[in-house]
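The following paragraphs lead the reader through one structure, beginning with a single residue and then widening the view. Please keep the sequence and the model at hand while reading.

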Amino acid sequence: MSQRQTDMISRARSAKTAAYQQADAAKDALAKGLPARAQHHAEQAKQLAGEAKRLLSRSNALYW
């Protein structure tokens, strides 16, 4: 595996972790009665998950 692939996989892992954190923040905001903030966090989670998926496909990784 090349250094470039390793870097992309590492960035994908970071994006995945951030996506989970944003999803948790969305749930917390919704529980606190803050729907606009919850929507913002949910949109961020979706964007980060997509970024992780794109990075993995570009690195040709089968799993991580």
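**From one residue to the whole chain**

Ser59 has its place in helix α2; helices (H or I, at least four residues) and strands (E, at least two) are DSSP runs, numbered from the N terminus. The model is a predicted one, in which local features need pLDDT of at least 70 and side-chain atom pairs count only at pLDDT 80 or more, while totals for chains, interfaces and linings use all residues. Residues are numbered from 1 along each chain as its sequence is written, and side-chain values use heavy atoms, with hydrogens and water left out.

Is Ser59 buried or exposed? Ser59 counts as buried because its relative accessibility is 1%, where buried means under 20% relative accessible area, exposed over 50%, and partly exposed in between (1.4 Å probe, protein chains only). Apart from its neighbours within four places in sequence, Ser59 is in contact (heavy atoms within 4.5 Å) with Gln5, Met8 and Ile9.

Met1 lies in the segment before α1. With a relative accessibility of 75%, Met1 counts as exposed. Not counting residues up to four places away in sequence, Met1 touches Thr6 and Ile9. From Met1 to Ala19, 18 residues apart in sequence, the C-alpha to C-alpha distance is 26 Å.

The protein chain as a whole has two helices and zero strands. Its C-alpha trace spans about 45 × 15 × 15 Å along the principal axes. The radius of gyration, taken over C-alpha atoms, is 14 Å, whereas a compact globule of 64 residues would have one near 11 Å; the globule rule is 2.2 Å times the number of residues to the power 0.38. Of the 64 residues, 23% count as buried. Among contacts between residues at least 6 apart in sequence, 64% join residues at least 24 apart.
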